[in-house]
Amino acid sequence: MTARSRRARTDQELQQASTHVYYEFATLHDAVRLMGGFQLPEQQAERNVCVESFAVHARNLHEFAYGDKLKDSYIHASDFVHDWTTVRPSWPFSTQELPLLGRAGREIVHLSWSRVTVPNT
């Protein structure tokens, strides 16, 4: 489904959706901020929680801004900006970093066999 064929949302729907988009940004920021505070070996669990939270929210925000599989049930930047796909900034990272988004899905979001076969890096 392309951005052009998406159902137009009402102002009320967009306002409600914006609180969820804000939550994604705020939680991503919090994960980064808190991650640095857990440096001791006995704080590994806390660090893991921050890393996993970061990965989930980064993945959600990437899908929000750059996702191409636009199910109508997903909130997307094109719901807020009509011509988003033509005015959005280019992806700010190298294409070599894109597999990290896939790893977030395979190793954190989903309980998959890829966890067993993906080497630790």
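Visitor: Which helices each supply at least two residues of the lining of the second largest pocket?
Guide: Helix 2 (44-66) and helix 5 (99-109) do. This is a predicted model, where local features need pLDDT of at least 70, side-chain atom pairs count only at pLDDT 80 or more, and totals for chains, interfaces and linings use all residues. Residues are numbered from 1 along each chain as its sequence is written, and side-chain values use heavy atoms, with hydrogens and water left out.

Visitor: What makes a run of residues a helix?
Guide: A helix is a DSSP run of H or I with at least four residues, a strand a run of E with at least two, and both are numbered from the N terminus. The protein has 6 helices and 0 strands.

Visitor: What makes a space a pocket?
Guide: The search uses a 1 Å grid over the protein atoms alone and a 1.4 Å probe. A pocket is an open set of points with protein on both sides within 12 Å along at least five of seven lines, and a lining residue has an atom within 4 Å of a point. The second largest pocket has a volume of about 340 Å³. It is lined by 13 residues, and those closest to its centre are Arg59, Glu63, Gly67, Asp68 and Lys69. That volume is the space filled by probe spheres set on the points, which are joined across faces, edges and corners.

Visitor: Why is aspartate 79 called buried?
Guide: Buried means under 20% relative accessible area, exposed means over 50%, and partly exposed lies in between (1.4 Å probe, protein chains only). Aspartate 79 has 16%, so it is buried. It sits in helix 3 (residues 77-80). Leaving out residues up to four places away in sequence, aspartate 79 touches Arg6, Leu14 and Tyr74. A contact means heavy atoms within 4.5 Å. Across the protein, 25% of the 121 residues count as buried.

Visitor: Why is glycine 102 called partly exposed?
Guide: Its relative accessible area is 29%, so glycine 102 is partly exposed. Its place is in helix 5. The C-alpha atoms of glycine 102 and arginine 59 are 8.7 Å apart, though 43 residues separate the two along the chain.

Visitor: How do you know that aspartate 30 and arginine 33 form a salt bridge?
Guide: A salt bridge needs a side-chain nitrogen of Lys or Arg within 4 Å of a carboxyl oxygen of Asp or Glu. In this pair, the closest N and O atoms are 3.3 Å apart, so the pair qualifies. Both residues lie in helix 1 (residues 11-35), 3 residues apart, which means about one helical turn between them. Arginine 33 is exposed at 52%, while aspartate 30 is partly exposed at 31%.

Visitor: What makes Arg7, Arg9, Glu13 and Asp72 a network?
Guide: Salt bridges link these four residues. Arginine 7 meets glutamate 13 at 3.2 Å, N to O. Arginine 9 also bridges to glutamate 13, with closest N and O atoms 3.5 Å apart. The structure holds 6 salt bridges.

Visitor: What makes Ile75, Phe80, Val81 and Val87 a nonpolar patch?
Guide: Patch residues have over 30% relative accessible area and no salt bridge; nonpolar side chains (Val, Leu, Ile, Met, Phe, Trp, Tyr) are joined within 5 Å, like charges within 9 Å. Valine 87, in helix 4 (residues 84-87), has 46%, so it passes the area cut-off. Together the four residues have about 290 Å² of accessible area. Such areas come from the Shrake-Rupley method with a 1.4 Å probe; for residues, only the protein chains shown count as cover.
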